[in-house]
Amino acid sequence: MRLLFITSDFPSPDDPTRGVFNLHLVRALLEEHEIRVIAPRTWLEVVNSRRARLNMLSSDLWAQLAGIDVEYPTFYHTPKIFRNAYGLFLWHSVKQSIRRILSSFSPDAVIAYWAHPDGAVATRLAKIIGVPAVVIVGGSDVLLLTKNRRRRAQIQKVLQDAHAVVAVSRDLKNKTMDLGIDEAKVHVWHQGVDERLFFPGSRAEARGRIGIPLTGRKLLWVGRMVPVKGLDVLVQSYAGLRDRGDFHLYLAGDGPLRKRLESDVSAQGLSDSITFTGPISHEHLADWYRAVDATVMASYSEGIPNVLRESIACGTPFVATHVGGIPELANGQLDRLVRPGDSTALAEAINRLFAQGSRADSLPKQPSWKEAARSFVRIVQPLVSKAQDLDHPWWIVGNSSLGAPRRADRNVWLQFARKALVTFLPLHIIAQGPAMSRSVYLTFDDGPHPKHTSHLLDVLKAYNVKATFFVIGRLAEKYPELVRRIQEEGHMVGNHSFYHPNPNSVPASFLLNGIDRTDRLLAEMVGNKDFFYRPPYGKLTTWKLLRLMLAKRKIVLWNVDAKDYACQSAEELLDWFQKRPLASGDVILLHDRLPYASTVIPHLAGVAKEQGLRFTTIDQYFS
Ligand SMILES: [Zn+2]
């Protein structure tokens, strides 16, 4: 599969440890699939990193990113306000990256990690290009962000629009369903653990390697220093530990709260026993888990924390708050769970864990990333196969009329402008040929289709009928031999966009890019240039029409729509043509993605002969 992955949770120059789990997923998927990543960085990060000269990537990260195609567009947004418009801000911030990627890559599905705003961009894009959108919900996006009423509505919309929602724990699946999302499309999926790094080992050796004292009891906290992690509660609970002198707490990570916590710790005189290690690279983290007696976590909210899963994989028990998917990880014998926000209970749980002593020999096994990627593919693949079913393609919306025009098109001035364009530039847009020409133009849209197009070509050849085929770029890419055959047998190849988007709902630049990409593709296949364009559904807004005309694009519409897409049988279509005589200059719309067109050709060929008409390709009109 070809996947486009959109997430702000991805290692970047400013924060090489952020979203490492997504990097692991991408790398594991890359073994069998093609992936492009868009990882937006907020403009605040970009500004700060310039100031801090953080642009140097660690060599570790470079090695990890090797072979992965990542774009880091800057996410422009209003800090703290208008959060429910973040989906729109992010869309405009990443639009250019999307365009660049789409100019040479056709995703089979769009994946997002995080419901909003990342998921909003993914579902919007997926709709435009007619592929499934899969949104992975990570925790706070469903648990916390939904507490704001308006943001909740945005998140619900994203999850409703997504074709699959992937929850990283059972708990999160339940919470997602509480938002009114259909259970059938919410999947529980467990992220992997990097088994090359995280496995049990000697505690003493690990302490030696990282250079911390060999004796004494040690606790480890790992994460991003943000309020939801409850670090203040953790520091408070430290005061309640028995034999405090014997405990050492390591806080690994970075984040906006770090400075304040550091000063709190030193104000309480705890600097000797609480150490801020700063961010620790993944490679070294495994030794830290092995080196400590327990991992602690005091979060108010979590999905299913990787930190605990990695700790388990290294054979180290944990003490954590009873939130999110954490209970799904806990081994009743070893791991302790407490209420969030309760520093006394947390201290007691740590004391109890140490009183019990000894560490785990048989902690539950965690899936490797390879296994996790495979189970992820098992969620996405059926959707992709369904979307690519050529007999029920997702990129065709029912029939060619898309309902009421947009408000802009009902505007009288715009209608006037449109009329003026069409009147003054008549050579650029045609819907009907001249009545004097004695020609009839058959046009077939939405192919090439491996079965129906080739059968239709056989029939056209047998009756010596020439026609014009407006092909969809993504299908031409898949069936180039059919495109070449169309040309070789004397028909004309036209451009029917790359993704067949609804031209009313797609930005003009996307539309033009798709047309250009299809042009390039067709030029490679059949040699010539200047392909005529037929807009999907025959729809164009005034602005898009103007842009196309400025690009000197010749646009072909139709005056006869036999509505074969609404037919249930070939007879129905034949019946329609039997009632309607052919007229000189007719441009007839049919579809070679459907089986019916080929059955009416013998009838049409007969009628044309009787009336002294001939079938020609649309370029004859211009010559
Ligand atoms: Zn079409």
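Which residues does alanine 373 touch, not counting residues up to four places away in sequence? They are Leu25, Ala28 and Leu29, where touching, or being in contact, takes two C-beta atoms, placed from the backbone, within 7 Å.

Before going on, a word about the model. It is a predicted one, where local features need pLDDT of at least 70, side-chain atom pairs count only at pLDDT 80 or more, and totals for chains, interfaces and linings use all residues. Residues are numbered from 1 along each chain as its sequence is written.

Back to alanine 373, which sits in helix α16 (residues 369-387). Helices (H or I, at least four residues) and strands (E, at least two) are DSSP runs, numbered from the N terminus. Alanine 373 counts as buried because 23 other C-beta atoms lie within 10 Å; the cut-off for buried is 20 or more, while 12 or fewer makes a residue exposed and anything in between partly exposed. Histidine 428 is 55 residues away from alanine 373 in sequence and 50 Å away in space, C-alpha to C-alpha.

Now for the domains, whose bounds come from an automatic or database domain assignment:

| Domain | Residues |
|---|---|
| domain 1 | 2-192 + 372-387 |
| domain 2 | 203-356 |
| domain 3 | 410-622 |

The C-alpha centres of domain 1 and domain 3 are 37 Å apart. Where these two meet, 7 residues of domain 1 are in contact with 11 residues of domain 3. On the domain 1 side, α4 (86-102) and α5 (118-129) each supply at least two residues.

Next comes an open sheet of 7 parallel strands, in the order β4-β2-β1-β6-β7-β8-β9. Two strands pair if DSSP finds at least two bridges between them. β4 (69-71) and β9 (186-188) are at the edges with a single partner strand each, so one side of each has no neighbour in the sheet. From one strand to the next, the twist averages 20°; axes are lines fitted to C-alpha atoms, for helices over the stretch in contact, and angles run from 0 to 180 degrees between N-to-C directions. Helix α8 (residues 170-178) packs on the sheet, touching β7 (133-137), β8 (164-167) and β9, and its direction makes about 170° with that of β9. Elsewhere in the sheet, β1 (residues 2-6) and β2 (residues 34-38) run parallel, joined by 5 bridges. Phenylalanine 5 has valine 37 in β2 as its bridge partner.

Last, helix α12 (residues 282-291) is mostly covered, with 8 of its 10 residues buried. Among them are Leu285, Trp288 and Tyr289. The cover over its buried residues includes α1 (20-30), α9 (203-210) and β10 (217-222).
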